[in-house]
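Please open the model in a viewer and keep the sequence panel at hand.

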Amino acid sequence: MQESRYNPGRIEEKWQRIWQDQEVFRSTHEDESLPKYYVLEMFPYPSGRIHMGHVRNYSIGDVVARMKRMQGYNVLHPMGWDAFGLPAENAAIKNNTHPAHWTYQNISYMRQELKRLGYSYDWSKELATCHPGYYQWEQLFFLQLYQKGLAYRKKAPVNWCPDCLTVLANEQVEAGLCWRCEAAVVKKELFQWFLRITDYAEELLQDLEKLAHGWPERVISMQKNWIGKSQGMEIEFPVNGLSSSVKVFTTRHDTLYGATFMSLAPEHELVPELIRDSPEQDRIREFIHRVSAQDQEERTAEETVKEGVFTGRYCINPATGENMPIYLANFVLLEYGTGAVMAVPAHDQRDLEFARKYNLPVRVVVRPEGHDLSPDDMTAAFSEPGTAVNSGQFSGKPTAQVQEEIADFLENKNLGRRKTNYRLRDWNISRQRFWGAPIPVIYCPQCGTVPVPREELPVLLPQEADMPLDGRSPLPELDSFVQTTCPECGGNARRETDTMDTFVESSWYFARFTAPRRKDAPFEPRAIKYWLPVDQYIGGIEHAILHLLYARFFVKALRDLGYWSLEEPFANLLTQGMVLKDGAKMSKSKGNVVDPDEMINRYGADTVRLYCLFASPPEKDLEWSDAAIEGSCRFLNRLWRLVEELGPALSPVGPCVDMNAAELSPQEKELRAAEHGALRKAGRDMLERFQFNTAIAAAMELVNALSQHKEVLTARSSGKKALSSALSTVLSIMAPITPHICEELWSRMGYKTSLARTPWPEYDSRALLQDEVLVVIQINGKLRSKMSVPADMDQEELKSLALEDAKVQKHIQGKSVTQLIVVPGKLVNIVVK
């Protein structure tokens with residue numbers, strides 16, 4: 001017996017079971033006869049519970065996947081788990097358990113949460129990056145990159161979190177604090193493993209042009225800025241009294257004659273040698289320690305006070321031959337350029353502020369057109385192009401010409417060379433943590449660094465490890481893991497105890513999804529060729545730089561290793577906005593978290609999905625509203641009641657059914673036009689623009705039209721057919737958004753085939769042509785009346801009819817009409833005074 005009241009819990013459970021039993025969402029293996037569509041949302045970290053940000057992200061992806069299936073595509077829509085990471089370790093310590101136990105327990109719970117929402121995932125493709133069957137291939141990639149010279153080890157200053165006891169990337173340091181635990185970050189020198197992403201800097205930059213039509217302009221701009229290409233000169237400044245030189249990269253070598261001092265990053269490799277004999281060593285070292293602990297953004301911010309310390313050493317300006325004092329400066333970063341800046345205070349504001357503070361010389365070498373600059377009176381540096389002055393043989397020439405001539409001059413004297421520089425730095429993948437993929441390297445006293453043989457992969461994380469309470473990784477003290485045999489000489493050796501950055505796992509997971517069960521290779525070539533690139537990738541703007549850049553790098557590196565010919569991983573990218581409450585991002589500390597489970601229990605999954613898709617365009621932030629989700633719930637109840645009320649009059653005629661317009665009544669024609677118009681708008685908005693909110697609004701307007709005409713139309717057989725067709729179209733439009741209720745109502749109308757297997761309808765443009773149109777009449781812009789007129793009525797007739805309207809006559813009586821504005825088929829505006 002069918003229920004007369006809408007019971008979302010029962011209906012959603014019913015249809016989820018049917019979809020699962022019939023494997024409705026299982027992708028067809030590489031079927032060349034079908035067009036393919038790979039839609040992927042950024043996979044989640046299994047933290048234990050999904051949040052509303054997840055719900056919004058995955059609801060967007062699910063609409064795309066369901067619509068593409070209805071369009072006849074062979075759709076791949078997988079889900080998996082970005083399962084390595086620090087929170088699992090912290091939870092394991094807190095709960096006295098192994099990170100694997102905590103992680104897999106969370107995966108099990110979150111999987112059920114996602115299934116409750118009715119997402120059309122192909123669960124046969126599910127993967128977890130913490131499984132050895134996944135990370136063994138990551139270890140293989142590392143070995144192959146190492147053999148190719150793209151993975152290397154060096155000692156480097158790193159951001160160290162003393163609480164998390166691990167290295168942090170620059171992007172993981174926020175205002176000098178760890179992004180995870182908010183502890184103050186310090187600098188520390190450690191041996192680290194790096195991937196040589198800089199070898200691909202130019203290709204990563206140039207290939208952004210290939211993504212211009214599919215990626216948001218904002219993301220492309222962020223990646224360009226992060227790669228940071230600049231062209232200039234690398235110039236050597238010999239240090240007085242030492243055999244060393246300071247190397248500087250500059251794009252303004254036309255100002256070389258104006259360089260009066262040298263600024264080094266406190267972490268610069270020459271600093272120990274420069275200050276070795278200085279009587280001020282202690283003061284200098286205190287400055288280095290203090291500045292090195294500061295956040296990079298803070299050090300380079302415009303409002304930060306520029307400060308430094310003299311090293312006691314001088315270098316020689318290769319153009320003037322003058323001695324330039326060498327300072328350490330807080331605003332110079334080791335990570336950019338060479339970590340040294342030739343200071344030209346007349347033409348750089350930071351240098352000018354520094355020079356004024358420490359009474360250093362200022363020399364003007366570029367004159368603006370029309371007037372001279374006085375170095376003693378300058379409060380603002382002149383940084384624009386101009387004419388060279390005080391520049392020896394180059395004086396009097398435009399700075400653009402001087403750039404080329406000075407470059408030739410320096411290269412001829414072997415004092416500099418033209419160079420292209422990138423802000424991008426090699427990727428530090430070493431993490432001093434347990435819960436990550438072990439780096440497959442062995443250290444032998446005799447043979448040095450030795451790669452683990454391929455046949456010994458995977459190097460497994462030990463299940464017997466106990467997590468130290470202070471948060472340290474147990475691997476360095478676990479002899480069963482560390483102690484091993486050298487593959488080359490057979491002697492005693494030890495394993496690398498660092499694990500890989502978790503960004504490594506997320507840099508190639510999209511490719512593994514195409515054949516996640518293959519055991520003898522990371523990929524199935526036929527599946528890779530068929531499915532990749534991902535057609536639509538969906539995720540937060542916070543991943544615009546690192547994750548996307550690393551994934552792009554991995555695709556190019558694996559291409560060069562022979563795995564595929566793929567150039568880019570994601571053809572199209574949608575970055576959805578955040579879900580806010582009370583104007584702020586949801587967080588437990590703010591007490592403004594909305595629990596998806598609670599909302600599903602109260603309203604049902606379809607209402608939650610509808611609200612997330614209707615409340616805001618996907619690229620904008622969504623402000624949570626309890627009143628608005630109530631409205632979404634009311635709409636679905638209204639749709640349910642409409643089908644119940646029309647029950648006997650409905651039949652499975654299909655959406656946008658063909659009807660003879662000549663035999664239709666005016667109301668039937670009006671409903672038919674509304675139906676085909678709604679389908680046209682919804683299709684365009686959902687498929688071409690991803691504007692789900694306006695597509696939903698079109699369906700709601702069609703429901704309004706159905707409610708308006710239902711009593712009149714049920715009296716005629718053609719009217720019942722028009723009602724059935726229009727309601728079928730409503731359900732087709734809403735099916736990707738609220739799939740459970742639509743499947744149930746579709747079934748109740750008599751359809752035998754699941755909506756998920758039903759093609760997307762096609763509208764008939766002829767049905768949009770109306771015999772009559774409704775024209776509104778305004779007086780001085782205010783609505784005063786409406787009238788139905790023939791669609792082809794000319795403007796003069798419209799004007800006459802509008803002026804004759806009784807309501808209009810009442811409002812214009814005693815006034816003079818100065819203008820009549822007609823928008824054909826829509827409105828007449830009468831201007832009076």
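**Aromatic pairs**

There are 45 aromatic pairs in the structure; rings of Phe, Tyr and Trp (its six-membered ring) pair if their centres lie within 6.5 Å, and planes under 30 degrees apart count as stacked, over 60 as edge-to-face and the rest as tilted. This is a predicted model, in which local features need pLDDT of at least 70 and side-chain atom pairs count only at pLDDT 80 or more, while totals for chains, interfaces and linings use all residues. Residues are numbered from 1 along each chain as its sequence is written, and side-chain values use heavy atoms, with hydrogens and water left out.

Select Phe43 and Tyr509, a stacked pair with 3.7 Å centre to centre and 10° between the planes. Phe43 lies in the loop between β1 (36-41) and α2, and Tyr509 in helix α14 (residues 509-512), 466 residues apart; helices (H or I, at least four residues) and strands (E, at least two) are DSSP runs, numbered from the N terminus. Phe43 is buried at a relative accessible area of 9%, and Tyr509 is buried at 0%, where buried means under 20% relative accessible area, exposed over 50% and partly exposed in between (1.4 Å probe, protein chains only).

**Helix α2**

Next, select α2 (52-70). Its 19 residues should span 27 Å at 1.5 Å a residue, and its end C-alpha atoms are 27 Å apart, which agrees; the expected span is 1.5 Å times one less than the number of residues. Because 18 of the 19 residues of α2 are buried, the helix is largely enclosed by the rest of the structure. Gly72, with a positive phi near 95°, follows α2.

Now display Arg66 with Trp19: the charged end of Arg66 sits over the ring of Trp19, 4.7 Å from its centre. The criterion is NZ of Lys or CZ of Arg within 6 Å of the ring centre and within 35 degrees of the ring normal.

**The second largest cavity**

A cavity is a set of points on a 1 Å grid over the protein atoms alone where a 1.4 Å probe fits but cannot get out; lining residues have an atom within 4 Å of a point. The volume of this cavity is about 70 Å³. α2 contributes the most to the lining, with three residues.

Methods. 1 Å grid on protein atoms, 1.4 Å probe; cavity = no way out; pocket = protein on both sides within 12 Å on 5 of 7 lines; lining within 4 Å. Points joined across faces, edges and corners; volume = space filled by probe spheres on them.
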